[in-house]
Amino acid sequence: MEAEVAELSGKLELAQEGLERLRIARGTVAEVLAEMTPEKLAVAVDGVARYPCNGQRGRFDHVRPAR
């Protein structure tokens, strides 16, 4: 049983670390978005539409920059 507790404690620690990284990332995204003008946001959205993370260009063709 002690081995199981140790294993679960390790998993919990990893999950907590991941959650903290997500909290930091969320804060960073909020700061960046707060500083963005509509023009900068349009460029960012256009960049996502052209170059999605998975490398499948055109996957987000329905996303267009604000005019």
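1. In this predicted model, E7 is partly exposed, its relative accessible area being 47%. The side chain of E7 joins that of K11 in a salt bridge, with an N to O distance of 3.4 Å. Both E7 and K11 belong to helix α1, where four residues, about one turn of the helix, separate them.

2. A second pairing involves E20 and R23, whose side chains form a salt bridge at 3.8 Å, N to O. E20 and R23 are likewise located in helix α1, three residues apart, which is about one turn of the helix. E20 has a relative accessibility of 39% and counts as partly exposed; R23, at a relative accessible area of 45%, is also partly exposed. Both values fall in the partly exposed class because that class lies between the 20% limit for buried and the 50% limit for exposed.

3. Over the whole structure, the search returns two salt bridges.

4. On the surface, V29, L33 and L41 make up a nonpolar patch, and together they present about 260 Å² of accessible area. Of these residues, L33 is part of helix α1, which covers residues 2-35.

5. Regarding the chain as a whole, the secondary structure consists of two helices and zero strands. The chain has 67 residues, of which 7% count as buried.

Notes
Residues numbered from 1 in each chain as written. Predicted model: local features only at pLDDT ≥ 70, side-chain atom pairs only at ≥ 80, totals over all residues. Heavy atoms only, no water. Buried < 20%, exposed > 50% of the residue type's maximum accessible area, 1.4 Å probe, protein only. Patch = residues over 30% accessible without salt bridge, like charges linked within 9 Å, V, L, I, M, F, W, Y side chains within 5 Å. Areas by Shrake-Rupley, 256 points an atom, 1.4 Å probe, with all protein chains shown as cover. Salt bridge = Lys/Arg side-chain N within 4 Å of Asp/Glu carboxyl O.
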